[in-house]
Amino acid sequence: MKLPKYVSVPTPEIDLSRIQQLSQEHDDENCEFRSWLKQYAPHGIDGLVKTLSQKYFALIDCTQCANCCRSLQVEFKKSELHTIAKTLGQSIEAFQKQAMSEGKVNPPCPMLNGKLCSIYENRPDVCRSFPHLEQPQFTSRLIGVIENVAICQIAFNAFEELKVKLAWPRPSAPLRPNS
Ligand code: SF4
Ligand code: SF4
């Protein structure tokens, strides 16, 4: 399938309350889009999503957001946990007791300082790749993507623009007169 030409979109939505509200309102629509993508996503979908991710990373300032670090429970690798505990001057056992449950670090992340990551240069891999739009096999990760759309400005805007760029035939779109 030939991808549609690049479509410009208005200023990105960066209001987190509005993003949360719109994501709730788009819940059914996002499920329908997910089913459609599973069947009809073009071969170049990973590249297209990567391009959208890069576009919105360039437009959106994560240092003014930090919503992922404030709201998500994250799983770090063992080696990363040791580094974090060491940075905090704690034993790994103390860190696990204080900041973790079921093997995951509870939000807000203890490394968050205001809206900035205090270990940014050495942040764990999962933080580097969030919201995971630049990884392969986009269509096999759609449930996670839709969850992230509700909390992440980049994921929300990229996902909304993806609908436009793929000319997704919204099932609920009103019929035009004379159509
Ligand atoms: S380690 Fe840094 S980037 Fe990762 S969740 Fe914590 S504050 Fe955010
Ligand atoms: S990755 Fe998304 S949720 Fe995290 S700081 Fe950037 S815009 Fe906010």
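Among contacts in the protein between residues at least 6 apart in sequence, 78% join residues at least 24 apart; two residues are in contact if their C-beta atoms, placed from the backbone, lie within 7 Å. The model is predicted: local features need pLDDT of at least 70, side-chain atom pairs count only at pLDDT 80 or more, and totals for chains, interfaces and linings use all residues. Residues are numbered from 1 along each chain as its sequence is written, while chains are lettered from A and ligands numbered from 1 in the order in which they are written.

The protein has nine helices and four strands, in the order α-α-α-α-α-α-β-β-β-β-α-α-α along the sequence. Helices (H or I, at least four residues) and strands (E, at least two) are DSSP runs, numbered from the N terminus. Of the 179 residues, 22% count as buried. A residue is buried if 20 or more other C-beta atoms lie within 10 Å of its own, exposed if 12 or fewer, and partly exposed in between, with C-beta atoms placed from the backbone.

In helix α8 (residues 142-149), Val145, Asn148 and Val149 are buried. They cover an arc of only 105° around the axis and therefore lie on the same side of α8; the arc is that of the directions from the helix axis to the C-beta atoms. Ile143 and Gly144 are exposed on the other side of α8. The cover over the buried residues of α8 includes α1 (16-25), α2 (27-40) and α9.

A residue is near a ligand if its C-beta atom, placed from the backbone, lies within 6 Å of it. Around ligand 1 are Cys69, Val74, Cys109, Met111, Leu112, Cys117, Ile119, Arg123, Pro124 and Cys127. The surroundings of ligand 2 include Cys62, Cys65, Cys68 and Cys152, as well as Phe130 and Pro131. Both α4 (67-71) and α9 (153-165) supply at least two residues of the ligand 2 shell. In the table, Ala, Val, Leu, Ile, Met, Phe, Trp, Tyr, Cys and Pro count as nonpolar, Asp, Glu, Lys and Arg as charged, and the others, Gly among them, as polar.

| Shell | Nonpolar | Polar | Charged |
|---|---|---|---|
| Ligand 2 | ten residues | two residues | no residues |

The peptide bond from phenylalanine 130 to proline 131 is cis, omega being near 5°, and proline 131 sits in the loop between α7 (125-129) and α8. Histidine 132, in the loop between α7 and α8, has a positive phi of about 65°.
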